[in-house]
Amino acid sequence: MPKPNDLSRSPVALNENTTLIAVIEMSLASWLIAGRVPGVNRSPLRKLDPDPEMLVARLHQWRDEAIQAGRTITRIAVAYEAGRDGFWLARWLRARGIETYVMHPTSIPVKRDHRRAKTDRLDTALLMRAFLGWLRGEADHCSMAAIPTLEEEDRKRPNREHQKLSGEKTRIISRVKGTLVRLGIRKFSGNLRYAANRLKQMRTPEGVAIPTNTLAELERDLARLRFIREQSRAIEKTRVTRLNEAPLDQPHAMVLMLAKVRGIGIETADMLVNEVLCRNLRDRRAVARYAGMTGSPDESGAKRRERGLAKAGNSRVRRGMLQLAWRWLMFQKDSALSQWYKARTEHAPERTRKTMIVALARKLLIALWRYTTIGEIPAGIVLRTDG
């Protein structure tokens, strides 16, 4: 029985005599498409403008060549590497009856030469080799990405934009503080509402006012900071409005369910739901791998060592879960996970505490995944009573 989201091998048996196979090496300037056409001895390779209509026309032309060679084409399978273009082309081709897949770039094996040759032609050969192995059913030959709908992609945008704005706020505040420290002024908070007015009244240790050009630069930075804060508040307000308007929608219901847990706010709940919990992951190991919180062992002969986190998954989920793990110890002190962490780090050094917080974050993510999918409440958690 196939597992949910099992993209490690093709779900359909491959018949190379009736299947037209193509791979695309995509760039902003052009697309290089390589194919395997049944009944045709050559391996066609064509460079096209980045136009999906021209791509479909080329695929149909190759199909007609196979038909002229006496073959019946019942399946057209296309694959390309995940990158800047995202998933729009896969959705566009699937809507026109063409079987399309998106390959994980890190799952495609490459040569380990110090200076290996790399061209679009060689890249299409690597893509074709990996795609053929996947179509033939070879397990773990390469990995395919789950193609989201446009609505699923759009639901991620508010949280990702909010994270970018938070990073910009931190950078601006750090830049303002660094400029003032250069003048000898150390006690200044850019988070204050009256920070811009206070700049004109401040004096350096030399007893003089802030120079004119520096003052103008700081005022522009604080103006940008105010604008970014307004955008962040607008995102937060819109998110709350949508949650209240459609509370029974599945993603919104999951966000509201997570927000009831003490220590988890709307921002973290929205990130977890739209980034990982809404995905149809098959088991707890897949959940941990997607968050990039699994180990990366290095074993060869008698050598045994661990190189730390793989960091091959979603970095947003990984950062958010590590922050949530520290908050969990503050707001859920009596939970089973907190007691587990305390029992193992009670007399441990600081380095061990940092290592074990990753294990706590992994266990917590799996517990929240079970909580939102099958309703299994983690042992000892405290739910919010303030709404």
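View 1. Helix α3 (residues 120-135) lies across β1, β2, β3, β4 and β5, at about 140° to β1. Contact here means heavy atoms within 4.5 Å; angles run from 0 to 180 degrees between N-to-C directions, with axes fitted to C-alpha atoms, for helices over the stretch in contact. Helices (H or I, at least four residues) and strands (E, at least two) are DSSP runs numbered from the N terminus. This is a predicted model, in which local features need pLDDT of at least 70 and side-chain atom pairs count only at pLDDT 80 or more, while totals for chains, interfaces and linings use all residues. Residues are numbered from 1 along each chain as its sequence is written, and side-chain values use heavy atoms, leaving out hydrogens and water.

**View 2. The open sheet.** Five strands line up as β3-β2-β1-β4-β5 with mixed pairing; two strands pair if DSSP finds at least two bridges between them. β3 (45-48) and β5 stand at the edges with a single partner strand each, so one side of each has no neighbour in the sheet. On average, neighbouring strands are turned by 20° against each other, direction ignored.

**View 3. Around Val23.** Strand β1 (residues 19-26) joins β4 in parallel through six bridges, and β1 pairs with β2 (residues 31-36) in the antiparallel sense, also over six bridges. Val23 stands opposite Ala79 in β4 and opposite Ala34 in β2.

**View 4. Strand β4 and its other neighbour.** Six of the seven residues of β4 (residues 75-81) are buried (under 20% relative accessible area, 1.4 Å probe, protein chains only). Five bridges link β4 in parallel to β5 (residues 99-103), where Met103 is the bridge partner of Glu81.

Key: Buried means under 20% relative accessible area, exposed over 50%, partly exposed in between (1.4 Å probe, protein chains only).
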